[in-house]
Amino acid sequence: MKVILRLMCLPIILISAQLMATENRLWYSKSAGLWEEALPLGNGRLGAMVYGDVLNENIQLNESTFWAGGPHNNLNPAALKALPELRRLLDEGEYLAAEKLSEKTIASPGPNGMPYQTAGNLHLQFPGHEIYQDYYRDLNLDNAVATTRYKVKNVTYTREVFASFVDQVIVIKLTASKVGQLNFSAKLSHPANMKLSVQKNTLVMQGVSKDHEGVKGQVNITSLAKIITQGGSVKASDKNVSVENADSALILISMATNFINYHDISGDADQRAQNYLDKAEILFAADYEQRKKVHSDFYRHYFTRVQLDLGANDFAKEPTDKRIQLFSTRHDPQLVSLYFQFGRYLLISSSQPGGQPANLQGIWNHRQDPAWDSKYTLNINAEMNYWPSEVTNLTELNEPFISMIKDLAQTGQESASKMYGARGWMAHHNTDIWRTTGGVDWAWSAWPTSNAWLSQHLWEKYLYSGDKQYLASIYPILKSACAFYEDFLVKDSKTGWLIVTPSMSPENAPKASGTKIAAGVTMDNQLVFDLFSNGIKAAEILKTDKKLIPVWKNILQHLPPMQIGQYHQLQEWMQDWDDPHDNHRHISHLYGLYPSNQISPLRTPDLFSAARVTMEQRGDPSTGWSMNWKINLWARLLDGDRALKLIREQIKPAGLKENDFTQAGGTYPNMFDAHPPFQIDGNFGFTSGVAEMLAQSHDGAVHLLPALPQAWPEGEVKGLVMRGGFVVDMRWSKGRVTELTVHSRLGGNLRLRSYSTLPSPLGFKVVLAKGDNPNPFYLQPSVKPAINHSHKQLPRLSLDGSHLIDVSTRAGQTYHWQ
């Protein structure tokens, strides 16, 4: 039976450049009652959530280095002695005994990671504003400023809030449309016992992070809120400041900690916070509008690189929360564009060079004990945060993540040697600001392959940039990770393959074994394959380690191939244990489809069909981040309509119950992704997924509109970056590219794939493509033929009817089709 979803439709028009600027806006007709309704601001280091309450405004605060505990690692040295027994138990099928032993010997006997902490709240109370009208609040993605506006009697009150990227303070500008009408009081608060005081017109809050799981809290934080008024009077008490009859007021919030790096907390939080405030006060007192412009210009340098227009209708004029509530029942393509750009906004706001990488909640957290500690989960979530960074033209924002990987390559040497007797570096499935590398969370602890996944990000950045100096800087990390597996891989007694053991397929447990712990799981094989393949390519490019290359090639030859199971699914484990009714949120064995490129309709058609079967079996609804991973996966399966179905599943209202830990994802009113609760990786996965629907570059060519749903027949995108440094702008109509511009940053062969003929090239030669793409950034992996245990033969997806052309490009040149 075919179910037909009938959506409410309105006429769709493409948005002009002038109108598009007004569409990049989240707006609401009422204030936030819950944190998941408040609007996020950030500059990479400081975060703020703005509620917009008329009478009692709350601005919840974060500082990216304010975490519980202090420098430490969380290793379990018992792993080294237990490793041979763990491997024996797994080899003999004693899975329950192996899991129990791993919980005692791999899982940390002490801390399981430190939680990211809230930095507290700034409260503003506005007496006499109980009755108001014409309420409006928004977050403008074009300038990174949040505005609240309303009218009391005949006075219009406006609040502007932003987290200045340049001046390193959170800025609040309060104005009234008539002189002498601004009255309010201000105070700071924190759920912990912090010291509160007032120095002149500055609120002061000082404290230290909490102790956690035996690790003493050692991060000092100082928060300062300076109130500067025009007109009126200011009165200070022990813990708050009151303003009466002012024309306007400026509040500058400065926060800092003593954190320098993961092993050094010798900074002076008081002095740092004061220095930021002193500099900002001079600048903002001189010219507020100029400093706001400097902030927005800095932000727009990133944000305006990519534009997306999928069309708009009158639904785009409605409040954002209403649009989210009704999206799955009607056609509102502009909300998809807004969601896409919101993900880019969040990455710009939570990950700036020189700072910390975006954690499980970016930089926004209102709890002392957030879900999963708001750490860095390395078995997909931390990596997922950076999926949109290259393709959506935000490459600099990778720097904090790459810096964390460099840190882990240091601390991970300790876990490699002390826990597994191996050279190189490794980490398990979680880390935190202290760059811990031990196993955590009991049965989840026995997963040693995060180093391979993290190394994949290092290599991918090179494929987009072609920067050999960068490649030389990260090659030692790849080499060290390879060294770990040179020592850690063992020969399977039944097949002779080199396998990772003990491990697991995150975070799934097959019914056949009843445990998570396993050996030779598909995802590990894919990760290790990529690691050694990329290590070989890097060594060849850099002309180094010639003696190591044959060693690594020999290891590649002995890794397990991917397997197709009895249900024609891609096997998740080395054994054919998959349950066709399993709808687990993790689809770890499809790493080879996305974000990797080992599974292809062109090179591995049987595996491609098996991956699709796995996706059908897992189903669509799931946690938020999982559904957004599936958008990327369906895009790689070249099924745009199914990807759009996942988008409709994602943009549904999420439950707002406190501590709602369920498998039913969706979207909160402020457009945060819901696991639930909030996890930011879903927002980032959505953005990368939409990009994958519009252009791909992993399978030997730049594939234009590879997974365009029928519901998006017309549109325009500008600024997407493909591997090899090609920047793509294109318009399409009736599903066909009508205008195309490609800027070549690096030069070299540009191979384009499209389902229909492209417009005419303007002034350059185009030839039909033949053979492999000679561009070295498009070199494809040599994947072993799959072992097929299925007696079924599924139809293969053919791209024979697609159009494939080559253009020889020069670095710095731009090429147009029209």
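Helices (H or I, at least four residues) and strands (E, at least two) are DSSP runs, numbered from the N terminus. Residues are numbered from 1 along each chain as its sequence is written, and side-chain values use heavy atoms, with hydrogens and water left out. Welcome to a predicted model, in which local features need pLDDT of at least 70, side-chain atom pairs count only at pLDDT 80 or more, and totals for chains, interfaces and linings use all residues.

**View 1. Two cis peptide bonds sit at Pro 506–Glu 507 and His 675–Pro 676.** Most residues other than glycine have a negative phi, and most peptide bonds are trans. Pro 506 and Glu 507 are joined by a cis bond with omega about -25°. Look for Glu 507 in the loop between β22 (503–504) and β23 (517–518). From His 675 to Pro 676 the bond is also cis, and its omega is near -5°. Pro 676 lies in the loop that runs between β26 (673–674) and α18 (681–694).

**View 2. Asn 393 and Asp 545 have positive phi angles.** Neither residue is a glycine: phi is about 70° at Asn 393 and about 50° at Asp 545. You will find Asn 393 in the loop between α9 (388–391) and α10 (399–420). Is Asn 393 buried or exposed? Its relative accessibility is 7%, so Asn 393 counts as buried (buried means under 20% relative accessible area, exposed over 50%, partly exposed in between, with a 1.4 Å probe and protein chains only). Asp 545 belongs to the loop between α13 (522–542) and α14 (548–557).

**View 3. Helix α10 bends at Thr 411.** This helix has 22 residues and spans 30 Å from its first C-alpha to its last, close to the 32 Å expected at 1.5 Å a residue (the expected span is 1.5 Å times one less than the number of residues). At Thr 411 the bend is about 35°, taken as the angle between axes fitted to the seven residues ending there and the seven starting there. Gly 421 follows α10 and has a positive phi, near 60°.

**View 4. Five strands form an open, mixed sheet.** Follow the order β27-β28-β32-β35-β33, where two strands pair if DSSP finds at least two bridges between them. At the edges stand β27 (695–696) and β33 (767–768), each with a single partner strand, so one side of each has no neighbour in the sheet. Strands β28 (residues 702–704) and β32 (residues 748–754) pair in the parallel sense over two bridges. Which residue of β32 is the bridge partner of Val 702? That partner is Leu 752.
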